[in-house]
Amino acid sequence: MSTILLIVIVCLLLIILWQYQRHRQSSRQLKYIHEKLDSIIAQGSHERLLLFSSNKELQMLLTELNRMLDVNHKGMIERAKLEKSMRNMLSNISHDLKTPLTVVLGYIETIMHDETMTASERDRILHTIHQKADQVITLMNSFFDLAKLESGDRDISLSRVELGEVCRRNILSFYDLLTAKGSEVEIDISDTALYIMGNDEALDRILSNLLSNAISYGDAGGVLGLRLYNDEQNAYIEVWDRGKGISESHQDKVFERLYSLEDSRNREYQGSGLGLTITKRLTEQMNGTIKLTSQPYVKTVFTVSFRRIRF
């Protein structure tokens, strides 16, 4: 009897010792996880928690913690990109505001202090001041439009729209400017009536932005094109030019919020990057898509597509 009791006591002691060792091991592992996690968060590193353990619950915990670290790391990258975008935005908008306002102030001082100025010269300067003030207003309106689109505060009412009419109307509004610059204009608009659920004002804004963009950056190619075509499901609008184009490294960025194009197409042009961003947002609000393909001095094409309707 005493032998059996001794064996039971020894077994209990071994079990207690085994549990104690497991408890210590778990404590060390949890301490490691805590310290490593604290270090990763403090340093903002991309390290992950690595620990060999037979404890399935602990393995599940490590897996979820590493997933959370991945999400946190992606969030940090997005925040860094957003901060950089905001800095670029402030720099670009400050430049675009400062330039016309500096001209305006300079001309105002000239009018105030030059007593010998003729009436015709004063009228010319006032006309320039008016143009520069319009530039500032246009920029601010674009900025507020983008802010509304980004926040979802601007709803676009959709109704049946015929794209051929929209395309003809918009290319006609730029035709005199294009011919005055000596640019060739190639128009290919489908004879088939193509209807979508869209918004006339938003479509005019989209085409105006794309045509203005092609004129500003692609006029070196000497030709601008507008094409409207379709397949069974979608209608497509292409605005293209044969200018300098957009380098491949910039093609995935031109639609980013407030991304400036001066590095990608024309370094002499300093823009705030609002036009294409607004164009993309308006297209998306009408359930459409927009894409860019570009081969320098061959063809740079912006393609907007919408789902066709048949009624």
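User: In which handedness of crossing does H4 pass H5?

Analyst: Bear in mind that this is a predicted model. Helix H4 covers residues 163-180 and helix H5 covers residues 200-218, and the two pack with their axes 10 Å apart at an angle of about 35°. As H4 passes H5, the crossing is right-handed.

User: How many residues of the contact of H4 with H5 are nonpolar?

Analyst: On the H4 side, the contact includes Leu163, Val166, Ile171 and Phe174, while H5 brings in Leu203, Leu207, Leu211 and Ile215, among others. Charged residues take part too, including Arg169 of H4 and Asp200 of H5. The whole contact splits into three charged, three polar and, for the nonpolar group, 11.

User: Which strands are the edge strands of the open sheet of five strands?

Analyst: Reading across the sheet, the order is E2-E4-E5-E7-E6, with mixed pairing. An edge strand here pairs on one side only, and that picks out E2 (184-189) and E6 (289-295).

User: Do E2 and E4 run parallel or antiparallel?

Analyst: E4 spans residues 223-230, and six bridges join E2 to it. Asp188 stands opposite Arg227 in E4. The two strands run parallel.

How values were computed: Residues numbered from 1 in each chain as written. Predicted model: local features only at pLDDT ≥ 70, side-chain atom pairs only at ≥ 80, totals over all residues. Heavy atoms only, no water. Axes fitted to C-alpha atoms, helices over the stretch in contact; angles between N-to-C directions. Helix = DSSP H or I, 4+ residues; strand = E, 2+ residues; numbered from the N terminus. Left-handed = near helix turned anticlockwise from the far one by under 90°. Contact = heavy atoms within 4.5 Å. Pairing = 2+ DSSP bridges.
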